[in-house]
Amino acid sequence: MIFIERMDQNLKKLKSQTANMLTIGNMAFGGAALMAAMNGAYSFSVLFIFIAAFLDRFDGIVARKLNQESALGKQLDSMSDIISFGVAPAILIYELALADFGIAGMVFTVIYISSGAFRLARFNISESNGYFTGLPITAAGTVLTLSYFGLSLFPSVFYMFLMLICSLLMISTFTLKKV
């Protein structure tokens with residue numbers, strides 16, 4: 001009887017942390033993407049960012065489904081998103097296209113990361129109303145990551161403008177309906 005009660009308690013604890021485990025998985029793959037990009041394994045970096053996006057898509061769904069939404073989960077999700085969709089894609093594109101621009105490449109990269117952090121902070125203090133204000137960092141990071149496939153098509157300067165456009169869209173005040 002004690003064994004069954006203990007198993008039941010453990011299963012309840014596991015269930016209560018399922019969404020947070022998915023979020024930490026998002027963060028782990030974002031960190032792996034960052035390290036892969038810094039070590040020249042660019043295709044792995046892209047793969048890891050997409051896996052992080054997959055996990056990010058489902059952590060909120062799982063939290064709502066299991067009625068486990070929390071302030072901790074919201075903050076943890078934002079910390080994961082800044083790594084997976086802010087820093088990792090920015091470093092990937094910096095390494096591949098912007099490093100040759102020196103300080104200018106660094107500045108555009110930092111502007112993108114800072115805009116993403118601002119966007120997440122603004123999201124965390126706003127009330128949920130069914131709309132996003134500005135481009136979500138997950139969308140910006142996905143666009144930046146997808147641009148990896150255009151490296152042979154576009155000149156390097158294109159990526160400076162892409163980062164700037166994504167940055168401006170993230171900090172802008174237009175609204176998008178949540179889906």
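Q: Is threonine 23 buried or exposed?

A: Buried means under 20% relative accessible area, exposed over 50%, and partly exposed in between, with a 1.4 Å probe and protein chains only. Threonine 23 has a relative accessible area of 3%, so threonine 23 is buried. This is a predicted model, in which local features need pLDDT of at least 70, side-chain atom pairs count only at pLDDT 80 or more, and totals for chains, interfaces and linings use all residues. Residues are numbered from 1 along each chain as its sequence is written, and side-chain values use heavy atoms, with hydrogens and water left out.

Q: Where is threonine 23, and which residues is threonine 23 in contact with, leaving aside its neighbours within four places in sequence?

A: Helices (H or I, at least four residues) and strands (E, at least two) are DSSP runs, numbered from the N terminus. Threonine 23 lies in helix H2 (residues 18-38). With neighbours within four places in sequence set aside, threonine 23 is in contact (heavy atoms within 4.5 Å) with Asp59, Leu76, Asp77 and Ser80.

Q: How are two packed helices described?

A: By the angle between their axes and the distance between the axes. Axes are lines fitted to C-alpha atoms, for helices over the stretch in contact, and angles run from 0 to 180 degrees between N-to-C directions. Here the axes of H3 (residues 42-65) and H6 (residues 137-146) come within 10 Å and cross at roughly 155 degrees. That makes H3 roughly antiparallel to H6 (over 145 degrees; under 35 is roughly parallel, 65 to 115 roughly perpendicular, the rest oblique).

Q: Which residues of H3 and H6 make the contact?

A: Val46, Ile49, Phe50 and Asp56 of H3 meet Thr138, Thr142, Thr145 and Leu146 of H6.
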